[in-house]
Amino acid sequence: MVTVYGIPNCDSVKKAREWLAAHQVAYVFHDFKKQGVSAELLAQWAAAAGWERVLNRQGQTWRKLDAAAQAGVVDGSSACALMQLHTSLIKRPVIDWSGAALTVGWQPDAFEAALAQALT
């Protein structure tokens, strides 16, 4: 089963959900604002996609952090710990394509490839 992780009102998540619906892909939605994200899952994402890709340094949440908190992000462990505290720091959406692939962010071209992998 495809799982979409994100926040319902995020524009990128909305686009991804529309893309999935248009391609008739069944999925489960995990609202990580309400349901949280485990340390284990964040570590898996960081290992699969790279913590630099999973950590959203472009958003308001990052910009609102104090300089010490930003400077404290030096590796995957520190990034994952901060993302678990502030789930808005996670680049959205994160899509687990039935264990066949993982995509981070709004990437329709990558979605095509991941869907093909998931179907094989």
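Here are some numbered notes on the fold and on a few local spots in this predicted model.

1. Four strands make up an open sheet, ordered 2-1-3-4, and the pairing is mixed. At the edges sit strand 2 (27-31) and strand 4 (102-104), each of which pairs on one side only. From one strand to the next, the twist averages 15°.

2. Now for how the strands pair. Strand 1 runs parallel to strand 2, with five bridges between the two; if you want a place to look, Thr3 has Val28 of strand 2 as its bridge partner. Strand 3 and strand 4 are antiparallel and are joined by three bridges. There, Asp96 has Leu102 in strand 4 as its bridge partner.

3. Strand 1 is worth a look of its own. It is mostly covered, with five of its five residues buried. In a regular strand, side chains alternate between the two faces of the sheet. Here Val2, Val4 and Gly6 point one way, Thr3 and Tyr5 point the other way, and all are buried.

4. Two helices to check against the sheet are helix 1 and helix 3. Helix 1 (residues 11-22) lies across strand 1 (2-6), strand 2 and strand 3, and runs at about 170° to strand 2. Helix 3 also packs on the sheet, where it touches strand 1, strand 3 and strand 4. The direction of helix 3 makes about 90° with that of strand 4.

5. Next, helix 7 (residues 76-85). Its buried residues are Ser78, Ala79, Cys80, Leu82 and Met83. What do they pack against? The partners are helix 3 (39-49), helix 4 (51-54), helix 5 (60-64) and helix 6 (67-71).

6. A side-chain oxygen of Asp75 comes to within 3.3 Å of the backbone nitrogen of Ser77.

7. On to the aromatics. A search of the whole structure turns up five aromatic pairs. One of them is Trp97 with Phe111, a tilted pair at 5.7 Å centre to centre and 50° between the planes. Trp97 belongs to strand 3 (residues 94-97) and Phe111 to helix 8 (residues 108-119), so this pair ties together parts 14 residues apart in sequence. Both Trp97 and Phe111 are buried.

8. Phe111 has another ring partner. The centres of the Trp106 and Phe111 rings are 5.6 Å apart and their planes are at 75°, so this pair counts as edge-to-face. Are the two residues buried or exposed? Trp106 is partly exposed, at 32% relative accessible area, while Phe111 is buried, at 0%. Trp19, Trp97, Trp106 and Phe111 together form one aromatic cluster.

9. There is also a charge-over-ring arrangement. Arg17 places its charged end over the ring of Phe29, 4.1 Å from the ring centre.

10. Leaving aside its neighbours within four places in sequence, Thr87 is in contact with Phe32 and Lys33. Pro93 lies in that loop too, and a cis peptide bond joins Arg92 to Pro93, with omega at about -10°.

11. Finally, some backbone geometry. Which residues have a positive phi although they are not glycines? Gln24 is one of them, with phi at about 55°; its place is in the loop between helix 1 and strand 2. Gln24 is exposed, with 74% relative accessible area. Ser98 also has a positive phi of about 55°, and is found in the loop between strand 3 and strand 4. At 40% relative accessibility, Ser98 is partly exposed.

Methods. Residues numbered from 1 in each chain as written. Predicted model: local features only at pLDDT ≥ 70, side-chain atom pairs only at ≥ 80, totals over all residues. Heavy atoms only, no water. Buried < 20%, exposed > 50% of the residue type's maximum accessible area, 1.4 Å probe, protein only. Contact = heavy atoms within 4.5 Å. Polar contact = N/O pair within 3.5 Å; in protein donor to acceptor, adjacent residues only side chain to side chain. Phe/Tyr/Trp six-rings, centres within 6.5 Å; stacked < 30°, edge-to-face > 60°. Lys NZ or Arg CZ within 6 Å of the ring centre and 35° of its normal. Pairing = 2+ DSSP bridges. Axes fitted to C-alpha atoms, helices over the stretch in contact; angles between N-to-C directions.
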